[in-house]
Amino acid sequence: MAEDNDSSQEKTEEATPRRIEKSREEGQTARSRELATMAVLLAGAGGLLMFGSSLGASLEAIMRNSFEFDRMVAFDTNQMSLFLGAAAADAAWALSPILLMLLIASIAGPIGIGGLLFSGKAVAPKLSRMDPMKGLKRMFSARSLVELVKSIAKVALVMLIAITILDVRTEDLLAIGEEPAVPAMVHVLWTIAWSFFFLSCATIVIAVIDVPFQIYDHQKKLRMTKQEVKDEYKDTEGKPEVKGKIRQLQREMAQRRMMQDVPTADVVITNPSHYAVALKYDQKAMAAPVVVAKGADQVAFKIMEIAREHKVDVLRTPPLTRAVYHNTDIGGEIPHGLYVAIAQVLAYLYQLRRYRRGQGERPGMPEFPIPGDLRRDS
């Protein structure tokens, strides 16, 4: 049902963080081949310009050493192998700076947008990729048309720059024919290196255009319909009815734990028809009395019932009960402003218990002082 709705809805919503994370897990992220190509070509051209002289000198030394040897060495196959190994090692060492630059560029270019990403799902075989109909659909898609236009534009731009270079350097190239061999070779190499560099710069223009397009195209693919956003919210946050049931169970569990603490209370103060608060105070372990249970209506009646079953004193103190109920949390200490009032409650209980043991007169219920900012009128 949701899939039917999705097919008839436009994808107008931006991708959620979960959708983006899931796409990365599947190996889908914005990539620009033009950016990678630009990085490699510029690294190669820059490497030739920076290390071309040393590379040329090294190759010249290798050639010279390869042709300058004693007659006896020519007949010793072991010596020829050593010469070949030494020449290969010298060539590798001479090429290593350029190869290192190309290696760094080949890694940095692809991750220039989208970042570093490893995903087994991206390389996993999928039968859908071998579907001829889907392949034809991709060949004649808007994306393929964009890639075709890009390819034509790249060829045209490179040709334009190449023709411009040839036009500017025509006289310089013709003058090479009149130079001695060695200077002419150096001149040709520098001309090729700089021409290659300027041709590589053409890819900067292409990458500047392609990178924003790839980011936009990737974000467009990740867009979602309103129904997809709703479904994802239900999957991640849970359906409202399920969440409501969980909250109900949590409340019931909390109430059961709370009711188990009522017998440990020293006193339960009540506003008989609405509120009940169970208080406990251990002078050695507590800095102030603590609320071990509280509730309203049916929960309040249950607290009073359990208190009476376990011989916990229940006192009717409506204003004080409302103040404590509205200004404390279960397990928390009473506010500083109610210290005097609760102390009077505990003192009253002490006198009441002495009276019950026949050790004094019946005490009168005191007036409990409640600060105005803590008072809650009925």
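Mentor: A salt bridge, as used here, is a side-chain nitrogen of Lys or Arg within 4 Å of a carboxyl oxygen of Asp or Glu. This is a predicted model, where local features need pLDDT of at least 70 and side-chain atom pairs pLDDT 80 or more, while totals for chains, interfaces and linings use all residues. Residues are numbered from 1 along each chain as its sequence is written, and side-chain values use heavy atoms, without hydrogens or water.

Trainee: What makes Lys-221 and Asp-217 a salt bridge?

Mentor: Their N to O distance is 3.8 Å, so the pair passes the cut-off. Both sit in helix α10, four residues apart, about one turn of the helix; a helix here is a DSSP run of H or I, at least four residues, numbered from the N terminus.

Trainee: Why is Asp-217 called buried?

Mentor: Because its relative accessibility is 14%, and buried means under 20%, exposed over 50%, partly exposed in between (1.4 Å probe, protein chains only).

Trainee: What about Lys-154 and Glu-34?

Mentor: At 3.1 Å, N to O, their side chains meet in a salt bridge. This one joins α8 (142-168), which holds Lys-154, to α3, which holds Glu-34, 120 residues apart. Lys-154 is partly exposed at 26%, but Glu-34 is buried at 7%. The structure holds six salt bridges.

Trainee: Why is Val-186 called partly exposed?

Mentor: Because its relative accessibility is 42%, which falls in the middle class. Val-186 belongs to helix α10 (residues 181-222) and is one of the residues nearest the centre of the second largest pocket, with Gly-52, Gly-56, Met-185 and Leu-189. A pocket is an open set of points on a 1 Å grid over the protein atoms alone, where a 1.4 Å probe fits, with protein on both sides within 12 Å along at least five of seven lines; lining residues have an atom within 4 Å of a point.

Trainee: Which helices supply at least two residues of that lining?

Mentor: α3 (33-67) and α10 each do. The lining has 16 residues, divided into twelve nonpolar, three polar and one charged. Gly counts as polar under this scheme, while Val, Leu and Met count as nonpolar.
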